[in-house]
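Biologist: I would like to learn how to read helix packing and pockets in a model. Please take the features one at a time.

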Amino acid sequence: MGISAHGAGTVGRTPEARNRILDAAAEAFMRRGFAGTTLDDIADRIGATKGLIYYHFRSKFDVFLAVYEEGMRRARERVEPHATSGGSGRERLAAMSRAHLLNLMTDLAYHQVVHQGVRAQDSVELKIRQRDALSALNELRRDYERMFRRVIAEGMRDGSLREVDGSLAARTLLSNLNAVDMWYRKIEGQPADEVEELADHVVDLLIGGLAASPADQPTEPAEGGPGRRQR
């Protein structure tokens with residue numbers, strides 16, 4: 001059943017209605033981009049009128065900002081507990097990366113809106129108010145990155161991660177994690193354990209790398225043994 005801002009009692013004023021708007025907007029922005037999305041597109045997705053959206057937001061850009069902020073809130077809520085949990089820096093970094101990926105794959109639309117916001121910050125088409133608001137939200141993203149940098153630094157101190165440029169490492173890691181959205185697409189009815197297994201594989205590649213561990217290196221045959229030329 002559709003809902004509207006008028007004639008629906010208090011239905012349109014609930015947090016649930018606002019959340020439905022954000023979910024619909026995230027999907028619309030992901031598929032059509034900000035410029036290609038209209039308030040009618042968003043309203044149509046929830047069977048509502050534009051009046052309901054205007055009840056909660058002043059403009060399409062304010063809807064976009066709210067989706068961006070919600071996307072960052074969800075990511076932080078899922079990842080941050082692992083940053084302060086027990087274990088070495090490497091173990092916590094792997095857990096954070098896995099949580100980040102699972103958030104990306106379950107909230108793909110929100111994730112892509114955050115990316116749109118990052119790219120749009122320097123757009124000349126934005127008004128000063130819009131640019132300032134977007135800049136403030138991008139600070140949330142930068143603080144999110146700093147959380148990864150802190151854990152990487154702790155991993156270097158405890159010896160579980162090798163000495164590298166922490167800022168470069170955090171940006172490289174997050175860039176590679178975020179790049180999953182270039183090829184990952186949700187499959188209707190896909191079991192959660194399949195999504196989790198995929199996240200585990202990606203994290204293993206990014207944190208563990210492709211280099212074989214010493215235990216995986218082939219051992220040199222004993223003198224006179226198979227594979228060794230007799231003198």
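**Helix packing and a pocket**

Modeller: H4 and H6 cross in a left-handed sense (the near helix is turned anticlockwise from the far one by less than a right angle; clockwise would be right-handed). This is a predicted model: local features need pLDDT of at least 70, side-chain atom pairs count only at pLDDT 80 or more, and totals for chains, interfaces and linings use all residues. Residues are numbered from 1 along each chain as its sequence is written, and side-chain values use heavy atoms, with hydrogens and water left out.

Biologist: At what angle do H4 and H6 pack?

Modeller: Two packed helices are described by the angle between their axes and the distance between the axes. For H4 and H6 the angle is about 120° and the axes are 8 Å apart. Residues of H4 including Phe-64, Val-67 and Tyr-68 meet residues of H6, among them Tyr-110 and Val-113 (contact means heavy atoms within 4.5 Å).

Biologist: How do H7 and H8 cross?

Modeller: The axes of H7 (residues 128-158) and H8 (residues 166-178) come within 9 Å and cross at roughly 120°. H7 and H8 are therefore oblique to each other (under 35 degrees is roughly parallel, over 145 roughly antiparallel, 65 to 115 roughly perpendicular, the rest oblique). The crossing of H7 past H8 is right-handed.

Biologist: Which residues lie nearest the centre of the second largest pocket?

Modeller: Rolling a probe the size of a water molecule over the atoms shows where empty space is left. Here His-100, His-111, His-115, Arg-141 and Asn-178 lie nearest the centre, among 22 lining residues. The second largest pocket holds about 390 Å³ of space. H4, H5 (89-106), H6, H7 and H8 each supply at least two residues of its lining.

Terms used
Axes are lines fitted to C-alpha atoms, for helices over the stretch in contact, and angles run from 0 to 180 degrees between N-to-C directions. Helices (H or I, at least four residues) and strands (E, at least two) are DSSP runs, numbered from the N terminus. On a 1 Å grid over the protein atoms alone, a cavity is a set of points where a 1.4 Å probe fits but cannot get out, and a pocket is an open set with protein on both sides within 12 Å along at least five of seven lines; lining residues have an atom within 4 Å of a point. Grid points are joined across faces, edges and corners, and a volume is the space filled by probe spheres set on the points.
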